[in-house]
Amino acid sequence: MLVASAEQARIAVASNFDPAMEELEQDFEALSEHDLIVSSGATGKLYSQIRFGAPFDVFLSADTAHPQRLLDEGRAQSGSEITYAIGRLVMWSRSHSELDATKLLDPDVDRIAIATPMGAPYGIAANQVFEHFELLEDVRDRLVFGESIGQAFAFAHSGNADIGLVSASLILQLPEDEAGYNWPIPVDAHSPIMQQAVVLRAGAENTAAIDFMAYLKSPRAQEIIQEYGYDTP
């Protein structure tokens, strides 16, 4: 990837995508000589920051709803949106083995960590899983909510929750002695987690932002994304 001149772009990234983004950032910068400044957080929180004027050039959301709102509000460039990854939800525990949906009824499971369904796409998916298995009323009083899927995972990883419904990408990066136990949640138990990126109004003329969006669609980037536990379009 050759560029006439190197530029800098500010990228807002949903926290579930942090591990993959670290490698993508390094690879893109080596190929293009552009510089990326990456900020991560909960999708809903990043959306609010963008609405209040945060100077991001590209937004990598964990869903399609927030990019669409930005498009509708005129804060993102029409036609720039792409689906860059399809998230996968897993049930994970550091100590509880033999995981499946019925494990959520185990009396030894006191706290279940999920991202908040109010604004976090992985939290919405977790809620759908409970509804799919008709467990919502059984687990409601034991739920511990993280602002993002990264925070929900931190609750489970630290022992502040017994089980977490988290992004597959986060557990793939664990060292062997912390791998714990996981159960890939059936994809028909929740709506697809379509993660969409969009160029924001501030990045419309930013070569680094435009080149990064093109890079995200490349076979090279898609292969990296798949290695981090995501499906790709």
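Two residues are in contact when heavy atoms of theirs lie within 4.5 Å. The exercises below use this cut-off on a predicted model.

**Exercise 1. Which residues does V129 contact, leaving aside its neighbours within four places in sequence?**

Solution. 
1. Locate the residue: V129 belongs to helix 4.
2. Apply the cut-off. Once neighbours within four places in sequence are set aside, V129 is in contact with L89, L165, I185, A189 and H190.
3. Check the accessibility. The relative accessible area of V129 is 3%, and buried means under 20%, so V129 is buried.
4. Take a distance for reference: from the C-alpha atom of V129 to that of A208 is 39 Å, with the two residues 79 apart along the chain.

**Exercise 2. How far apart are the C-alpha atoms of L36 and F212, and what does L36 touch?**

Solution. 
1. L36 is a residue of strand 2.
2. Along the chain, L36 and F212 are 176 residues apart, and their C-alpha atoms are separated by 9.0 Å.
3. Not counting residues up to four places away in sequence, L36 touches A9, I11, M21, E25, F28, E29 and F212.
4. With a relative accessible area of 4%, L36 is buried.

**Exercise 3. Describe how helix 1 and helix 8 pack, and find the residues that make the contact.**

Solution. 
1. Helix 1 covers residues 18-32 and helix 8 covers residues 207-216.
2. Their axes are 11 Å apart and the packing angle is about 115°.
3. The crossing of helix 1 past helix 8 is right-handed.
4. Helix 1 contributes M21, L24, D27, F28 and L31 to the contact, and helix 8 contributes A208, D211, F212, Y215 and L216.
5. Sorted by class, the contact holds eight nonpolar residues, two charged ones and no polar ones.
6. Compare with the previous exercise: M21, F28 and F212 are among the residues that L36 touches.

**Exercise 4. Which residues of helix 2 and helix 9 are buried, and where do they lie around each axis?**

Solution. 
1. Begin with helix 2, residues 43-51: T43, G44, L46, Y47 and I50 are its buried residues.
2. These residues span an arc of only 160° around the axis, so they are on the same side of helix 2.
3. They pack against strand 1 (8-14), strand 2, strand 3, helix 3 (65-72) and helix 4.
4. Turn to helix 9, residues 219-227, where A221, Q222, I224 and I225 are buried.
5. Their arc around the axis is only 160°, which places them on the same side of helix 9.
6. Their packing partners are helix 1, strand 4 (82-87) and helix 8.
7. The spacing follows a general rule: an α-helix has 3.6 residues a turn, so residues three or four places apart point the same way.
8. Look past each helix end. G53 follows helix 2 with a positive phi near 100°, and G229 follows helix 9 with a positive phi near 90°.

**Exercise 5. What is the phi of E33 and of E134, and where is each residue found?**

Solution. 
1. The phi of E33 is positive, near 70°.
2. E33 sits in the loop between helix 1 and strand 2 (35-41), and with a relative accessible area of 61% it is exposed.
3. E134, also not a glycine, has a positive phi of about 55°.
4. E134 is in the loop between helix 4 (121-132) and helix 5 (136-139), and its relative accessibility of 69% makes it exposed.

**Exercise 6. Which elements have the lowest and the highest mean pLDDT?**

Solution. 
1. For the chain, the mean pLDDT is 93, and 98% of the residues reach 70 or more.
2. Among the elements, the lowest mean, 90, belongs to helix 7 (residues 168-171).
3. The highest mean, 98, belongs to strand 3 (residues 58-60).

How values were computed. Residues are numbered from 1 along each chain as its sequence is written. This is a predicted model: local features need pLDDT of at least 70, side-chain atom pairs count only at pLDDT 80 or more; totals for chains, interfaces and linings use all residues. Side-chain values use heavy atoms; hydrogens and water are left out. Axes are lines fitted to C-alpha atoms, for helices over the stretch in contact, and angles run from 0 to 180 degrees between N-to-C directions. Helices (H or I, at least four residues) and strands (E, at least two) are DSSP runs, numbered from the N terminus. A crossing is left-handed if the near helix is turned anticlockwise from the far one by less than a right angle, and right-handed if clockwise. Ala, Val, Leu, Ile, Met, Phe, Trp, Tyr, Cys and Pro count as nonpolar, Asp, Glu, Lys and Arg as charged, and the others, Gly among them, as polar. Buried means under 20% relative accessible area, exposed over 50%, partly exposed in between (1.4 Å probe, protein chains only). The arc is that of the directions from the helix axis to the C-beta atoms. pLDDT is the predictor's confidence in each residue, from 0 to 100.
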